[in-house]
Amino acid sequence: MLLPLSVPPLMLTTGPVPVYPEVLKALGAPVLYDYHPTFQEFYAAVVEKLRLAFRTDIAPVIMQGEAILGIEAGAAALIAKDDVVLNLVSGVYGKGFEGWAARYGKEVIELAVPFDEVIDPQAVRDAFRQRPDISVVSLCHHDTPSGTLNPLYEIGAIAAEHGAYLIVDAVSSFGGMDAHPQSAHADIFITSPSKCLGSTPGLSLISVSKRGWEKIERNSDAPRGSFLSLAAWKDASIPGRTFPVTPSIAEIYALDAALDRYAKEGPENVWARHAETAAIARKRLLELGIALWPKREVWCAPTATAFRLPDGFTDVELRDRLLNEYGILLSLGRGDTSGKVLRIAHMGASAQPDFARTTIEALSSILSQSID
Ligand SMILES: *Cc1c(COP(=O)(O)O)cnc(C)c1O
């Protein structure tokens with residue numbers, strides 16, 4: 001089979017990301033029968049490694065589908081007919097959650113800010129003051145199409161203070177910075193192997209709190225006997241239990257390698273590498289006179305940098321020139337940021353200061369050519 005490119009581009013995309021060499025190697029291992037005792041023990045060990053990475057007391061679950069499955073399954077399981085959901089919207093993914101909240105809950109209250117800003121914790125406090133009946137809060141931590149980072153821990157503490165449940169989309173932040181479910185008071189916390197962990201797309205990694213599981217068990221409308229059933233995976237990692245469906249064996253191998261790598265490099269070192277790469281990208285962009293998409297630099301995520309298009313370029317033109325002339329692939333905007341930004345991801349293997357430098361060098365030479 002021919003790959004579309006003989007030399008892969010420098011893929012600084014916001015997911016999928018270039019996977020670590022250890023992950024590629026793991027994908028080549030023999031695919032075992034899922035009820036082979038060796039696989040069952042292996043699966044339990046991977047879930048334990050994920051628990052350690054999540055820094056939780058309770059075993060997380062792995063669902064067999066790209067992270068949107070985990071987010072939708074989390075909403076379906078946790079949000080019940082009598083819930084009033086405060087949906088925090090600072091970007092495309094936050095806005096997208098509204099559909100699920102509305103489908104499963106009684107009412108959705110939206111707290112929205114322009115997509116180049118972030119949620120102010122004080123506004124969340126005010127929302128609780130006005131509506132003490134808010135029972136669930138939903139937050140996208142890093143809304144990737146905007147490259148903005150919401151104050152997860154502050155918002156988590158406010159939700160906890162009011163006894164509300166918290167659902168967090170941490171798909172593009174976990175593994176690239178300090179973002180953990182238990183310290184954020186998250187009852188459901190979803191991430192993906194295919195962003196900052198540097199593995200493949202195809203799985204949803206989900207932490208559920210103790211009281212989250214209790215609420216799911218009480219919720220008679222939570223999916224059961226369905227591909228969307230989060231509860232079906234609760235004890236799947238206990239050897240001897242049956243899996244609701246066949247796990248994606250090769251993806252589990254890949255995840256195992258990515259978690260080993262994360263632990264070996266050391267989470268704090270991994271986060272520092274992401275933060276440093278993003279800081280270099282921002283500094284060099286600003287030096288070049290290119291504006292960041294977020295209104296304030298302190299709102300920028302350490303795992304992706306969104307910048308406004310320099311005059312005279314469309315997003316596709318600039319993206320294609322970077323790819324065709326320099327072999328560097330960036331992501332376009334999405335939804336509200338579509339046509340307005342390009343995005344450099346710093347996720348997993350792509351979080352390398354030199355990649356940020358090379359990208360801005362390439363941008364700089366494209367811009368200087370257009371001035372001639
Ligand atoms: C990547 C991502 C997801 C996963 O969804 P896709 O749109 O299928 O890539 C969910 N939430 C966030 C914030 C993401 O960055």
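Biologist: In which helix do Glu-48 and Arg-51 both lie?

Modeller: This is a predicted model in which local features need pLDDT of at least 70 and side-chain atom pairs count only at pLDDT 80 or more, while totals for chains, interfaces and linings use all residues. Residues are numbered from 1 along each chain as its sequence is written, and side-chain values use heavy atoms, with hydrogens and water left out. Glu-48 forms a salt bridge (a side-chain nitrogen of Lys or Arg within 4 Å of a carboxyl oxygen of Asp or Glu) with Arg-51, their closest N and O atoms being 2.9 Å apart. Helices (DSSP runs of H or I, at least four residues) and strands (DSSP runs of E, at least two) are numbered from the N terminus, and Glu-48 and Arg-51, which are 3 residues apart, or about one turn, both lie in helix α2.

Biologist: What area is buried between domain 1 and domain 2?

Modeller: With contact taken as heavy atoms within 4.5 Å, 29 residues of domain 1 touch 29 residues of domain 2. Buried area is the accessible area (1.4 Å probe) that two parts lose on being put together, summed over both. Carbon and sulfur atoms give 60% of the area buried between domain 1 and domain 2, which is about 2,300 Å².

Biologist: Which element supplies the largest share of the side of domain 1 that touches domain 2?

Modeller: Between domain 1 and domain 2 there are 4 salt bridges and 18 residue pairs in polar contact, both residues at pLDDT 80 or more. A polar contact is a pair of N or O atoms within 3.5 Å; within protein, one must be able to donate a hydrogen and the other to accept it, and residues adjacent in sequence count only if both atoms are side-chain atoms. On the side of domain 1 that touches domain 2, α9 (267-287), β11 (304-308) and β13 (341-345) each supply at least two residues. The largest share of that side, 6 residues, comes from α9.

Biologist: Which residue is joined to Gly-15 by a cis peptide bond?

Modeller: Most residues other than glycine have a negative phi, and most peptide bonds are trans. Arg-55, in the loop between α2 (37-54) and β2 (61-63), has a positive phi of about 60° although it is not a glycine. In the loop between β1 (10-12) and α1 (21-26), a cis peptide bond with omega of about -5° joins Gly-15 to Pro-16.
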